[in-house]
Amino acid sequence: MEFGITTFVENTPDPTTGKLLSPYERMSNLMEEIELADQVGLDVFAVGEHHRPDYIVSSPAVVLAAAAVKTKTIKLSSGVTVLSSDDPVRVFQDFAHVDLLSKGRAEIMAGRGSFIESFPLFGNDLKDYDTLFSEKLELLIQLNKSEKITWEGKHRPSIDNRGVYPRPYQKELPIWVAVGGTPQSVVRAATYGLPMALAIIGGEPARFVPFTNLYKETYKKAGHDPSKLQLAINSHGFIGDDSQKAAEEYYGPYAYVMSKLGRERGWSPMNREHYELMRSPEGSLFVGSPQQVIDKILYNHELFGNTRFLLHMSVGTLPHASVLRAIELLGTVVAPAVKKALEKAT
């Protein structure tokens, strides 16, 4: 199993002081986080795309290009690229640059986007939410396979036997499809034979088993080699040396962000009772000591048989030193213990 970090590079008020970091300070902290993740042996670091004031990265490829020259082995991915509102040609070119700078460590995690700010910003109609993604994903896949392309669609000007450059260091860029539990998205990823990243940020993970089963069944029926199937589980969480201290430190920032999003989307505000329920062994929140997180990752692996686990730590602003320590614990304690347990099981 591969282990990694995802982040939206939040810049929300410190829950204790109410102060905001400057965008420069937050970006500097991000670079330190990615460098440390590389140093402690994590496999992936993924940066999300947003177009709103509480998340500061609108172009993951630019950030990952900077990280490429600061790291040695870690894979550098978007998490996600909002493909629906972008141009697949530019997405491919941008990540080909990251791949060249990193000597073959770039990945694209493509998604439809759970936030919609990019649609009006770039002149897209939300009524085309699904067709935009399906058409642009098809184009991105073709770009990845062929140096020259002829293509015609509904949402982008046609391409007549044009070359797209530069080509990446890898023969093809790994393209993952990120889904949030929509069966249509699951089937699309499996039919194309693409790796799938499933975000589980609420409820009980066991309720998502039908989605991963659907992915595996569709993948096989589409004629793809089951031995090449890749499935990632992406969950919120935070690791500390002490379980209760970790829970206390994470609750304030987490509750702030989830309650804010709740007001925007009609969810109930986050309270401590719900938070503790989510931290339970069968819940979706990976917050606690290394051993608690190890046990929960192994429990989820029994459910899904996933090949990658991605921990989204910075839901809200946490002390930078605490984030670095959590990354260190994930890379040096949690990941090795889980890998050892899985090796014994086989």
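**Notes on the predicted fold**

1. Let's start at Ala67, which touches Met31, Ile34 and Leu76, leaving aside residues up to four places away in sequence (contact here means heavy atoms within 4.5 Å). Ala67 sits in helix 2, and with a relative accessible area of 1% this residue is buried. For the burial classes, buried means under 20% relative accessible area, exposed over 50% and partly exposed in between, using a 1.4 Å probe and protein chains only. From Ala67 to Gly331 there are 264 residues in sequence and 18 Å in space, C-alpha to C-alpha.

2. A word on what you are looking at: this is a predicted model, in which local features need pLDDT of at least 70 and side-chain atom pairs count only at pLDDT 80 or more, while totals for chains, interfaces and linings use all residues. Residues are numbered from 1 along each chain as its sequence is written, and side-chain values use heavy atoms, with hydrogens and water left out. Helices (H or I, at least four residues) and strands (E, at least two) are DSSP runs, numbered from the N terminus.

3. Which residues touch the most other members of the largest nonpolar core? In this core of 96 residues, they are Leu42, Tyr250, Tyr254, Tyr275, Ile327 and Leu330. Helix 11 (residues 320-345) is the biggest contributor, giving ten residues. A nonpolar core is a set of buried Ala, Val, Leu, Ile, Met, Phe, Trp, Tyr and Cys residues joined through side-chain atoms within 4.5 Å. As background, nonpolar side chains tend to be buried together in soluble globular proteins.

4. Beyond residues up to four places away in sequence, Leu42 touches Phe3, Ile5, Ala37, Ile74, Ile327, Leu330 and Gly331.

5. Next, helix 11 and its packing with helix 10 (residues 290-304): the two axes come within 10 Å and cross at roughly 40°. The axes are lines fitted to C-alpha atoms, for helices over the stretch in contact, with angles from 0 to 180 degrees between N-to-C directions. Helix 10 and helix 11 are therefore oblique to each other; under 35 degrees counts as roughly parallel, over 145 as roughly antiparallel, 65 to 115 as roughly perpendicular and the rest as oblique. Helix 10 contributes Pro290, Val293, Ile294, Ile297, Leu298 and His301 to the contact, and helix 11 contributes Leu329, Val333, Val334, Ala337, Val338, Ala341 and Leu342. By class, this contact has twelve nonpolar residues, one polar and no charged ones. Here Ala, Val, Leu, Ile, Met, Phe, Trp, Tyr, Cys and Pro count as nonpolar, Asp, Glu, Lys and Arg as charged, and the others, Gly among them, as polar.

6. Helix 11 also meets helix 1 (residues 23-39), where the axes come within 9 Å and cross at roughly 20°. Helix 1 and helix 11 are therefore roughly parallel to each other. The contact is built from Asn29, Glu32, Glu33, Leu36 and Ala37 of helix 1 and His320, Val323, Leu324, Ile327 and Glu328 of helix 11. Its residues divide into five nonpolar, two polar and three charged.

7. In helix 6 (residues 183-192), the buried residues are Ser185, Val186, Arg188, Ala189 and Ala190. Their cover includes helix 5 (129-145), strand 8 (175-179), strand 9 (196-199) and helix 7 (209-221). Just after helix 6, Gly193 adopts a positive phi of about 75°.

8. Please have a look at the two cis peptide bonds described here. One joins Gly79 and Val80, with omega about 15°; Val80 is in the loop between strand 3 (75-78) and strand 4 (81-82). Another runs from Tyr165 to Pro166, with omega near 0°, and Pro166 lies in the loop between strand 7 (159-163) and strand 8.

9. Gly48, in the loop between strand 2 (44-47) and helix 2 (60-68), is buried at 0% relative accessibility. Its contacts, not counting residues up to four places away in sequence, are Thr7, Phe8, Val57, Pro60, Gly79 and Val80. Gly48 and Thr81 are 33 residues apart along the chain, with 6.7 Å between their C-alpha atoms.

10. Finally, two residues other than glycine with positive phi. Lys103 has a phi of about 60°, lies in the loop between helix 3 (88-102) and strand 5 (106-111), and counts as exposed at 59% relative accessibility. Asn161 has phi near 50°, is placed in strand 7, and is partly exposed with a relative accessible area of 45%.
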